[in-house]
Amino acid sequence: MTKNRITPEEALAFHLEPRPGKFDISPSVPMTTQRDLSLAYSPGVAVPCEAIAEVPETAYDYTNKGNLVAVVSNGTAVLGLGNLGALASKPVMEGKSVLFKRFADVNSIDIELDTEDPDEIIKAVKLMGPTFGGINLEDIKAPECFIIEQKLKEEMDIPVFHDDQHGTAVICAAGLINALHISGKKIEDCRIVLNGAGAAGIACLELIKAMGAKHDNCIMCDTKGVIYQGRTEGMNQWKSAHAANTDLRTLEEAMKGADVFLGVSVKGAVTPDMVESMADNPVIFAMANPDPEITPEEAHAVRPDAIVATGRSDYPNQVNNVLGFPYLFRGALDIHARAINDEMKIACAEALAELAREDVPDEVAMAYGKTLSFGRDYIIPTPFDPRLIYTIPPAVAKAGMDTGAARRPIIDMDAYEVSLKTRMDPTASILRGINARARNAQARMIFAEGDDPRVLRAAVQYQRSGLGKALVVGRENDVKQKLEAAGMGDAVRELEVINAANTRHLDTYKEFLYQRLQRKGYDRHDIHRLAARDRHVFSSLMLAHGHGDGLVTGATRKSAHVLELINHVFDADAEHGVVGITALIHKGRIVLISDTLVHEWPDEEQLANIAERSAGVARHLGLEPRVAFVSFSTFGYPVSERASKMHVAPKVLEDRGVDFEYEGEMTVDVALNPKVAEAYPFQRLTGPANILVVPARHSASISVKLMQEMAGATVIGPILSGVDKSIQICSTTSTTNDILNMAIMAACKVG
């Protein structure tokens, strides 16, 4: 699989724009009038203050404590970078905070403490206890992390969780449950070898022992070999707790006949010979980052029966902490937990293991570009799985309630699951899924407008993101100058620049174009001018001849004009059933509006065609289509000749017997707002529409641009549907990111 390349410039730009850092804080209450301010602050705020003083528990009702986690670090063990200090660790901790929000809708603030003294950290965190519902310790080196976590757990009445230890342990345990399920072994019978006696390694072994592994069946190794009873060199109290009664002294000796290897050490620590010496169906979790102790290829070369997991996303079975900490805290916060105990961690691991054994939903398979089913290459769920948010927290919450960790138990678990489903932004998983499918497709993408810096930057990002090959239509010198001006001079060598003036295919292209246009008033001179000098036509010809897999254009010319030029090469018009569909993404909702590009004033038959094309695009994006034919009238009132076609179009679909939901005509609020829709109990949509078919192109354009400018909606499109090849047309106001999104759509062949 192509590796994702991130340049230092890109990484810095990502953290710098549009504003420095990775998150903002926005109020969740109105703050406009004097009355609002009086309620938010003095004098109104006194009332909840008094209520909390009287009953401290009500802080969870009147403040954000119950959904707020602190990510705390002193920067002594930052990623694989070592002791960078508190200030330099801030980008990582901000990142952790946004992962909490993205995956489990947990609000989080990063706190960097400028000290290496464990007592100072313990005191600082303890004093902040009233602010937060939970504490996530991060990137603090061992053994200080053990001391800090243990003391805070004893002294605080909210969950304290060191993710580097327990997050890794939970996902590792989930994978191990399933690996042993496949190999038909019981944990209490297994011989387990762990290499790497740091924070994560010790936590992995502790959790696995809590799940039933026997102490003397577990051999822990560090750089000096086996940790055995009586060893004195390089020992501490945490290692001593796991010293085994054994004659084994080296990792190599320990691996002979072992059922399980867990690695949180360094690249290359395990040799093929060691793997070969293991028991039948060996389980190998080589979790060193960024490079595993042994690669899956090396392990499978000597032991095809091995079940292998790593910490990397480009191999199957990724042990990824993002599967654990967001959902552990979500469940713990929702029961106002006093702690995250072993039972809650084991419940999390068991729920993850169970989820991997269930049938994988279509959107996950689409996201991966392949069918996933429980087996040796799929023992841990993927972070794409939309079921995580409503399956893992309930299991954690239930374990917390059963063990007395809950201050406020959840009475109705079914209602809790429903509430969790509504917490997540569905658009995030859709966009991630499309990205993953594009990466799988590895499409050769033609960027038609190589004279535009935005297009060039999008082409570079496309290639460096590992999505495929970027083919840029332009002049080599011009491309070089523009990339240098954008500070990306080194990218010139990576891109393939294609100049119409010196391509060897030009004669073939011109002959093809002449055959298409000779009866439409074009002579040979016209054909040469079009094919050799117009980059939109030339790029379309490249695509038509299979010299690229997809085309992105439109950033420099009006979309209607670009469509005219593409029509010289393809049948991309209303007559041939082509439709332009724009996706609007706003506040966690995705709505498709069509037709925004091709049909000027469609009749009822064409409106039905537009609906069918839109449903196809929706399904391509992972949405179950619900079409609303929208107008200024609802089900016949007010009566208007101009609305009548919107009234008739659903009947056309009815006659065609389509397999998706549709209704109309109706106003936009009836289509999108369930409360308003309740006034029409007879209507057929089972939820808010996600496709709005509008009466005319002008109303589509007005709607999209109004949402973009007034509401700040993200616009993707118009997505061109119904052409033989994959073509996407950007708008002239597109940013680099918008152009990249369109390239990703083209790579996935959406439409």
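**Entry 1**

I began at Asp105, which is buried because its relative accessible area is 16%. I count a residue as buried under 20% relative accessible area, exposed over 50%, and partly exposed in between, with a 1.4 Å probe and protein chains only. The model is predicted: local features need pLDDT of at least 70, side-chain atom pairs count only at pLDDT 80 or more, and totals for chains, interfaces and linings use all residues. Residues are numbered from 1 along each chain as its sequence is written, and side-chain values use heavy atoms, with hydrogens and water left out.

I then looked for the partner of Asp105. Its side chain meets that of Lys101 in a salt bridge, 2.7 Å from N to O. My rule for a salt bridge is a side-chain nitrogen of Lys or Arg within 4 Å of a carboxyl oxygen of Asp or Glu. Lys101 counts as partly exposed, because its relative accessibility is 39%.

**Entry 1: other salt bridges**

I ran the rule over the model and got 43 salt bridges. Side chains of opposite charge can pair when their charged atoms come close.

I checked Arg387 next. It forms a salt bridge with Asp385, and the closest N and O atoms are 2.7 Å apart. Both Arg387 and Asp385 are buried.

Then I took Arg524 and Glu511. Their side chains meet in a salt bridge at 3.2 Å, N to O. Arg524 lies in helix H23 (residues 524–533) and Glu511 in helix H22 (residues 506–517), so this pair ties together parts that are 13 residues apart in sequence. Helices here are DSSP runs of H or I with at least four residues, strands are runs of E with at least two, and both are numbered from the N terminus. Arg524 is partly exposed at 47% relative accessibility. Glu511 is partly exposed too, at 33%.

I also noted a network of salt bridges. It links Lys90, Glu94, Asp110 and Glu112.

**Entry 2: strand S16**

Which strands pair with S16? I asked DSSP, where two strands pair if it finds at least two bridges between them. Strand S15 (residues 579–586) runs antiparallel to S16, with 6 bridges joining them. Leu584 has Val591 in S16 as its bridge partner. Strand S19 (residues 691–693) runs parallel to S16, and 3 bridges join these two. Ser594 has Val693 in S19 as its bridge partner.

The hairpin of S15 and S16 has 2 residues between the strands. There, Lys587 takes a positive phi near 50 degrees.

Asp139 has one of about 50 degrees, although it is not a glycine. Asp139 sits in the loop between strand S3 (134–137) and helix H7 (144–155). It is buried, with a relative accessible area of 5%.

His336 also has a positive phi, near 50 degrees. Its place is the loop between helix H14 (325–334) and helix H15 (342–357). At 9% relative accessibility, His336 counts as buried.

Which residues does a cis peptide bond join? I found Tyr637 and Pro638, with omega about -5 degrees. Pro638 is in the loop between strand S17 (626–630) and helix H27 (644–656). I also found Gly664 and Glu665, again with omega about -5 degrees. Glu665 belongs to strand S18 (residues 661–666).

**Entry 3: surface**

I looked up patches, made of residues with over 30% relative accessible area and no salt bridge; like charges are joined within 9 Å, nonpolar side chains (Val, Leu, Ile, Met, Phe, Trp, Tyr) within 5 Å. Areas come from the Shrake-Rupley method with a 1.4 Å probe, and for residues only the protein chains shown count as cover.

Glu252, Glu253, Asp273 and Glu276 gather in a patch of negative charge on the surface. Helix H11 (251–255) and helix H12 (272–276) are the elements that give two or more residues to this patch. Lys and Arg count as positive, Asp and Glu as negative, while His and the chain ends are not counted. I placed each charge at NZ of Lys, CZ of Arg, CG of Asp or CD of Glu. Asp273 is in helix H12 and counts as exposed at 56% relative accessibility.

Val29, Met31 and Leu37 make a nonpolar surface patch of about 250 Å². Met31 lies in the loop between helix H1 (8–16) and helix H2 (34–40). It is partly exposed, at 41%.
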